Every structure is written in structure tokens, then in C-alpha cells.
Amino acid sequence: MCLHFFDKSAEPVRVLVTGAAGQIAYSLLFGIAKGDVFGKDQPITLILLDITPMLPVLDGVVMELQDCALPLLREVIPTDKEEVAFKDLDAAILVGSMPRREGMERKDLLKANVAIFKSQGAALEKYAKKTVKVLVVGNPANTNCLIAAKSAPSIPKENFSCLTRLDHNRARSQVAMRCGVPATQVKNVIIWGNHSSTQYPDVHHCKVNMAGSDLACFAAVKDDDWLKGAFISTVQQRGAAVIAARKLSSAMSAAKAICDHMRDIWSGTPEGEFVSMGVYSSSNSYGVAEDLIYSFPVHIKDKQWKIVDGLAINDFSRGKMDATAAELVEERDTAVTFLSA
């Protein structure tokens with residue numbers, strides 16, 4: 001599909017979305033195609049990858065994208081072939097993964113996903129640009145991201161990240177509602193660790209703008225017990241709560257978080273603000289084990305993230321950061337045994 005009513009002088013960015021017939025992608029693709037992520041004047045080529053049985057559904061998604069008549073969307077390429085999907089990519093958003101089925105052990109889930117992300121990492125290595133920015137969304141996102149990165153040795157590890165922005169947004173929103181302010185007035189929450197129920201939503205460095213001045217989160221909320229208890233468990237369990245209510249997993253909010261994450265990689269973060277991303281843990285100042293994809297606070301400039309160093313960590317935070325790191329080490333070690341199989 002080609003749309004000919006746009007200035008052809010600008011080169012389109014090639015963006016892959018996997019699991020493209022699924023519900024997260026259905027909420028995501030419109031935002032990307034209309035310029036919310038890569039810029040309001042940046043043409044887009046969308047490549048949509050899914051498994052062969054989903055191709056008829058994917059055709060319907062392509063029809064809908066055509067029917068949106070979006071000025072930035074140059075071309076949409078639906079495919080079930082990795083050599084087509086991963087060719088010359090500028091950005092890859094890996095949404096598709098094996099979901100956990102009833103009676104499935106976590107180890108079985110890891111094994112199935114190692115196979116998927118080993119294959120996709122190898123395809124990135126073989127076909128994509130070495131500058132490609134890769135965002136892993138499919139769960140277990142941190143470990144899937146690590147496997148993909150290990151399977152694409154010539155692409156810098158710094159080009160890989162996993163989505164913890166949804167947890168970050170959830171944390172901001174919980175604080176904002178508690179304080180009676182818009183979420184935009186809450187900044188510098190942190191999600192540490194794994195995108196799982198062991199993650200640690202940390203507000204010790206968070207600021208809330210109330211009546212025109214920035215207050216420390218604890219001073220703004222005025223309820224330490226809530227911030228150290230129910231707030232943390234609400235954010236940790238929010239995905240499960242959505243499933244219990246909707247009978248489906250988060251899609252709209254996940255799509256918004258993906259857009260936020262990739263837009264920040266492309267455009268950078270505001271001065272003095274940081275966001276949460278699962279990134280490679282080497283050379284961090286927080287004592288997190290090497291060779292993990294762990295969620296840290298990051299600044300982003302010129303498409304490069306940098307872990308925010310030097311934040312004070314108290315004993316309460318340290319215990320929670322270590323617990324989620326331990327889970328990631330165990331996941332990694334299990335996954336690596338499958339990687340070499």
C-alpha cells in the first residue's frame with residue numbers, strides 16, 4: 001500500500017511491530033502511523049509481523065490503516081516471514097510472545113519465549129540496521145530482551161530496552177490521583193527491576209507539583225504507610241487487576257506506554273526529568289548484577305539513554321531492588337540454559 005500525498009523528500013523510518021494482529025498492536029499502530037512517536041513530519045513504513053494463521057486478521061488491520069488515510073503512512077507490509085519483517089529496520093517493537101497458558105510452568109513459558117526471541121535476535125543481526133532501536137514488550141519482557149540482545153551480537157546492547165513505562169505511568173497516575181493533580185504534575189517516579197510482581201515502584205525521588213511548587217512525594221501525599229504499602233502493591237498487581245476486570249490484559253495503556261517509551265528514545269527526555277526503562281545493567285552505580293535487563297531511571301539524549309547515577313538508596317529501597325534483581329538473575333540463568341540447547 002502506497003500513499004502518494006506526502007512530501008517524498010523525507011526518507012520514511014522503517015518500523016516493525018510483531019504480534020501485529022494482537023490487541024496491543026491494534027491500539028498501538030494508529031498512534032505510530034499518525035506521528036505520535038517518530039514526529040509529526042516523519043513518514044513511516046510499517047512492517048507488521050505475525051504467525052501464519054493470523055495473516056487473514058492482519059489483512060483486516062492493513063485495510064483499517066488504509067482507511068485512516070493518514071498522511072505520514074507511506075507503506076504497510078504485512079508478513080509472516082522474518083527475512084521480510086526485519087530488513088533495514090530503524091525501530092523494532094517486539095510485542096508478540098508466547099502467553100502463559102493454564103497449567104504452564106514459568107520454566108515452560110521461558111523455554112518457549114527463548115526460542116522466539118533467539119530467532120528474532122538472529123533476524124535483527126542478519127537483516128536490520130546496526131543502529132536499530134529495539135523495544136521488547138512481550139513477557140517476560142526483561143529476559144526476552146536479554147535473549148534477543150545476546151542473539152544479535154553486532155548490534156550494541158544499548159540499542160535494546162524493555163517496557164517498564166507502563167508500570168512507570170501507573171505509578172505516576174496513582175500518586176496524581178492521591179494528590180488530586182493531573183499525572184503530568186508528577187515526575188521522577190522510578191520502576192526498579194523486573195516487569196513482574198517483584199518490581200519496585202519507588203517515589204523517594206519523585207516530585208509533585210502542587211499550587212505551582214514542586215514538593216517531595218512523601219510531603220505531597222502525607223501518608224507514608226500508603227506509599228510504602230498499598231501504593232507499591234497496587235502498581236505491582238495492576239496488570240492482574242485489569243485482567244480480572246476486563247478478562248483481557250492491558251492493551252490501551254500498554255500501547256500508550258510503548259508510544260511514550262519510543263518517543264522518548266527518538267526525541268529525548270526533558271531536562272531534570274527521568275523515565276523508567278529496562279536496560280542493560282553493565283556499569284551501573286546501584287550494585288545491580290551485570291548482564292541483566294533491569295529497569296532503571298534514565299535520561300535520554302540524541303537517542304542514547306544514560307542511567308541516572310547517584311540517587312540515594314535507603315535500606316527499604318535496597319531490599320526491594322535486590323529482591324527483583326534476584327528474580328531476574330534466576331530467570332536469566334534458566335533462559336541461558338535453553339539458549340544453548
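A salt bridge is a side-chain nitrogen of Lys or Arg within 4 Å of a carboxyl oxygen of Asp or Glu. The structure discussed here is a predicted model, in which local features need pLDDT of at least 70, side-chain atom pairs count only at pLDDT 80 or more, and totals for chains, interfaces and linings use all residues. Residues are numbered from 1 along each chain as its sequence is written, and side-chain values use heavy atoms, with hydrogens and water left out.

Q: What makes Lys34, Asp36 and Lys40 a network?
A: Lys34, Asp36 and Lys40 are linked by salt bridges. By the rule stated above, the count for the model comes to 14 salt bridges.

Q: Why is the contact of Asp291 and Lys150 called a salt bridge?
A: The side chains of Asp291 and Lys150 meet at 2.9 Å, N to O, and the rule asks for a nitrogen within 4 Å of a carboxyl oxygen, so the pair qualifies.

Q: What does the pair of Asp291 and Lys150 tie together?
A: Asp291 lies in the loop between strand 12 (275-280) and strand 13 (293-301), and Lys150 in helix 5 (residues 141-150), so the pair joins parts that are 141 residues apart in sequence. Helices (H or I, at least four residues) and strands (E, at least two) are DSSP runs, numbered from the N terminus.

Q: Why are Asp322 and Arg318 about one helical turn apart?
A: The two residues are separated by about one helical turn because they are four residues apart in helix 11 (residues 315-339). Asp322 and Arg318 form a salt bridge, with their closest N and O atoms 3.1 Å apart.

Q: What makes a set of residues a nonpolar core, and which residues have the most contacts inside the largest one?
A: A nonpolar core is a set of buried Ala, Val, Leu, Ile, Met, Phe, Trp, Tyr and Cys residues joined through side-chain atoms within 4.5 Å. The largest has 80 residues, and those with the most contacts inside it are Val17, Phe38, Leu46, Leu48 and Ile93. Its largest share, eight residues, comes from helix 10 (residues 252-267).

Definitions and conventions:
Buried < 20%, exposed > 50% of the residue type's maximum accessible area, 1.4 Å probe, protein only.
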